[in-house]
Amino acid sequence: PTPDSNICINLSDNWVVNKGACRGISEGGPNGVIYGVCAMTSNKITLGVTIGSNSCRDGQLACYDMGAGNGNVLVGNESCVGQRACEVAGHGTVSVPRTTVTIGHKSCVGGESCHALGDTMNGNNDVTVKVGDGSCTGLKSCEHAGASVTPWKGFHIGVHFEVGHNSCRGKYSCSKTGTNGKAIIGNDSCVGSYACQFQNDSSLGKIIAIGKNSCHCQSCCQCLNDGDRVPDNMCNDLGSGTNHCCTQAGIDQFRNSAFNFSSSSPLTLPGATLLPTSSPTKKVNDYEVLLKSTIFNKDDKIEVLYSVTDIDKISDMSFKIYKTGCIEEIDDTSIQ
């Protein structure tokens with residue numbers, strides 16, 4: 001849609017909006033109030049919001065009040081796409097900064113896909129949310145995931161919701177997952193409608209771990225309870241076999257007695273490859289480059305210590321550096 005003049009409203013200096021971001025049409029509210037695509041309620045502040053290129057678009061209120069109330073939010077490129085896609089994501093409490101939300105590239109795509117993701121405005125708890133690339137796609141796929149809401153059942157100190165790459169895909173696939181609790185999901189898992197929607201308003205606060213390539217069908221892992229562990233490549237169908245978590249669709253019911261919910265089989269977690277930190281290993285011109293450390297010197301230049309697998313072939317190699325906490329690429333990199 002053609003952008004209008006009310007897209008960005010009351011944004012503070014702590015907002016960074018990159019090229020092509022915050023596009024759409026604002027929404028008119030009661031008494032003539034205008035709600036922008038990227039807007040902040042006038043009496044709220046944020047620790048920092050960075051929006052990647054072509055993100056927060058194609059829908060009303062796509063990133064409205066994101067990070068308000070002392071929240072800290074980092075959004076990758078082409079993410080938060082659709083109506084209310086990331087509305088109030090990372091919304092903190094006004095008195096104490098508690099919320100940190102990181103969303104990768106091409107994630108949170110679909111109506112209300114990440115609405116209230118990591119939202120703690122009605123709670124009083126530390127919240128950390130990490131969403132990998134290509135994850136949380138589909139209608140309300142991760143809405144209210146990793147949130148802290150004190151009136152609801154279940155409450156753990158330090159709410160945590162972490163999703164790897166290409167996971168939580170499908171409508172309501174991870175809705176309310178991790179809310180008032182802790183949930184860590186590996187890559188390519190929780191794919192299908194309601195696949196990992198194992199919490200509702202009356203069953204919050206669960207601590208769950210799911211490995212990679214698991215929970216691949218509609219309602220596959222809805223029956224998970226507090227403390228359950230789903231190893232890699234498991235629970236990709238409903239059934240009563242040893243590889244099935246649930247026999248039927250339904251939250252807190254239809255658990256398969258033949259499945260070992262405390263199995264010690266390998267469970268691959270997302271690890272530390274998510275934004276805002278670049279992947280520890282980058283492949284450039286077929287050589288592996290490991291960024292060991294990055295500092296800003298007194299001339300505001302970046303110094304990088306690195307190691308390579310074959311030091312004799314380092315000549316004429318180029319690479320890209322990303323500043324921690326930012327999305328924009330630094331173009332003038334060189335090896336010295």
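pLDDT is the predictor's confidence in each residue, on a scale from 0 to 100. The structure described here is a predicted model, and its chain has an average pLDDT of 77. A score of at least 70 is reached by 66% of the residues. Strand E13 (residues 229-230) has the highest mean, at 96. Strand E14 (residues 281-284) has the lowest, at 36.

Two stretches call for caution. Across residues 303-317, pLDDT remains under 50. Where pLDDT is low, predicted coordinates should not be read in detail.

The next feature is a sheet. Nine strands form an open sheet with parallel pairing. Their order is E2-E6-E7-E8-E9-E10-E11-E12-E13. Strand E2 (15-17) and E13 stand at its edges. Each has a single partner strand, so one side of each lacks a neighbour in the sheet. Strands of a sheet pair through backbone hydrogen bonds, in either a parallel or an antiparallel sense.

E6 and E7 run parallel and are paired over four bridges. Within this pair, Ile51 has Val75 in E7 as its bridge partner. E7 also pairs with E8, again in the parallel sense, over five bridges. There, Leu74 stands opposite Thr102 in E8. On to the next strand, E8 is joined to strand E9 (residues 127-131) by five bridges, and the two run parallel. Thr102 has Lys130 in E9 as its bridge partner.

How enclosed is strand E8 (residues 99-103)? Four of its five residues are buried, so the rest of the structure largely encloses this strand. The cut-off for "buried" is under 20% relative accessible area.

Most residues other than glycine have a negative phi. Leu61 is not a glycine, yet its phi is positive, at about 60 degrees. Leu61 lies in the loop between strand E6 (48-51) and strand E7 (71-75). Because its relative accessibility is 3%, Leu61 counts as buried. Cys190 also has a positive phi, near 60 degrees, and is a residue other than glycine. The loop that holds Cys190 runs between strand E11 (182-185) and strand E12 (207-210). Cys190 counts as buried because its relative accessibility is 0%.

The loop between E11 and E12 also contains Ser203. Is Ser203 buried or exposed? With a relative accessible area of 7%, Ser203 is buried. Its side chain makes a polar contact of 3.0 Å with the side chain of Asn200. A polar contact of 3.4 Å joins the side chains of Ser203 and Asp252. Leaving out residues up to four places away in sequence, Ser203 touches Phe198, Ile251 and Asp252.

Disulfides are the last feature. A disulfide is a covalent bond between the sulfur atoms of two cysteines. How many disulfides does the model have? The count comes to 11. One of them joins Cys22 to Cys38, with an S to S distance of 2.0 Å. This pair links distant parts of the chain, 16 residues apart. Cys22 sits in the loop between E2 and strand E3 (27-28), while Cys38 belongs to strand E5 (residues 38-39). Cys22 and Cys38 are both buried. The torsion about their S-S bond is about -90 degrees, so this disulfide is left-handed.

Another disulfide connects Cys80 and Cys86, at an S to S distance of 2.1 Å. Its torsion of about -85 degrees makes the bond between Cys80 and Cys86 left-handed. Both of these cysteines, Cys80 and Cys86, are buried. A further disulfide links Cys108 to Cys114, at 2.0 Å from S to S. The torsion about the S-S bond of Cys108 and Cys114 is about -80 degrees, so this disulfide is left-handed. Cys108 is buried, and Cys114 is buried too.

Note on methods
Residues numbered from 1 in each chain as written. Predicted model: local features only at pLDDT ≥ 70, side-chain atom pairs only at ≥ 80, totals over all residues. Heavy atoms only, no water. Buried < 20%, exposed > 50% of the residue type's maximum accessible area, 1.4 Å probe, protein only. Contact = heavy atoms within 4.5 Å. Pairing = 2+ DSSP bridges. Polar contact = N/O pair within 3.5 Å; in protein donor to acceptor, adjacent residues only side chain to side chain. Disulfide = S-S within 2.5 Å.
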